[in-house]
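Hi everyone, thanks for making time today.

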Amino acid sequence: MTEAADNREESLKAATEARGLQALVSRATRAGKGPAPVERWNPAFCGDLDMEIKQDGTWFYLGTPIGRMPLVQLFSSVLRKDEDGRTYLVTPVEKVGIRVADAPFIAVEMDVSGAGDGQIITFRTNVGDVVEAGAGHPLRFVDEDETGGLKPYVLVRGRLEALVARPVMYELVEHGEEIDIGGKTMFAVRSKGEVYPIMPAEKLKRLSA
């Protein structure tokens, strides 16, 4: 095949995928505003889409960033992570796979109200979700072996989590306290009556020394 033919084939493929994306946008739009009831839909798998959510939360389509926030918010409303560990865009009539480098959302802002058992930690994500950490939206903390750091996540909906942005993480740990959990002193945070351990208090003291 000649180079010109290769270029025509690539252009045709890109145009076809673009039309497919436009159709997907149309169907997602008809799903309504806010998160769609994707957990209730069971459409056929239609293959993978060349779409990726990078570690910083930026969405890419065909290798190009999606700069329109309303479009990103629309796609985020029909996201679903299944038991197979993969993330999909789901409409009533189709399910297409996309790639996610880490978490699909980023928690970019937080607010703390109350104190003690009555403390509530509220997060806002980069796509506009607002969730209060608690029984329905638990926090978890993962050790980052390659850097020795810590990565906090909050469950947004379904199996979809938001990675807490580093500046927000620093703000979050300012509200930590030493709490006895199962006979072990842990550095932890509270929200809506739940306690989320960050690390053993002894480890924190070693890191702070």
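Please find R140: its charged end sits over the ring of Y153, 4.5 Å from the ring centre. By "over a ring" I mean that NZ of Lys or CZ of Arg is within 6 Å of the ring centre and within 35 degrees of the ring normal. K95 does this too, with its charged end placed over the ring of Y88, 4.5 Å from the centre.

A word on what you are seeing: this is a predicted model, where local features need pLDDT of at least 70 and side-chain atom pairs count only at pLDDT 80 or more, while totals for chains, interfaces and linings use all residues. Residues are numbered from 1 along each chain as its sequence is written, and side-chain values use heavy atoms, with hydrogens and water left out.

Now the overall picture. The chain has four helices and 15 strands; these are DSSP runs, H or I of at least four residues for helices and E of at least two for strands, numbered from the N terminus. Of the 209 residues in the chain, 42% are buried. Buried means under 20% relative accessible area, exposed means over 50%, and partly exposed is in between, using a 1.4 Å probe and protein chains only.

Let's go to the sheet of six strands. What is the order of its strands? Reading across, it is β3-β2-β1-β6-β5-β4, in an open sheet with mixed pairing. Strands pair here if DSSP finds at least two bridges between them. At the edges are β3 (64-65) and β4 (79-81), each of which pairs on one side only. β4 is joined to β5 (residues 87-91) by three bridges, and the two run antiparallel.

A contact means heavy atoms within 4.5 Å.

Next, the aromatic rings. How many aromatic pairs are there? The count comes to two, where rings of Phe, Tyr and Trp (its six-membered ring) pair if their centres lie within 6.5 Å, and planes under 30 degrees apart count as stacked, over 60 as edge-to-face and the rest as tilted. F45 and Y88 make an edge-to-face pair, 5.9 Å centre to centre with 85° between the planes. F45 lies in strand β1 and Y88 in strand β5, so this pair ties together parts that are 43 residues apart in sequence. Is Y88 buried or exposed? Y88 is buried, with a relative accessible area of 4%, whereas F45 is partly exposed at 45%.

W59 and F75 form a stacked pair, 6.3 Å centre to centre and 15° between the planes. This pair links strand β2, which holds W59, with helix α2, which holds F75, 16 residues apart. Both W59 and F75 are buried.

Most residues other than glycine have a negative phi. L62, in the loop between β2 and β3, has a positive phi near 55°. K192 has a positive phi of about 50° although it is not a glycine, and its place is the loop between β14 and β15 (194-200). K192 is partly exposed, with a relative accessible area of 46%.

Last stop: helix α3, residues 166-173. Which of its residues are buried? They are V168, M169 and L172. They cover an arc of only 105° around the axis, which puts them on the same side of α3; the arc is that of the directions from the helix axis to the C-beta atoms. Among the elements covering them are β7 (105-113), β11 (149-157) and β14 (184-191).
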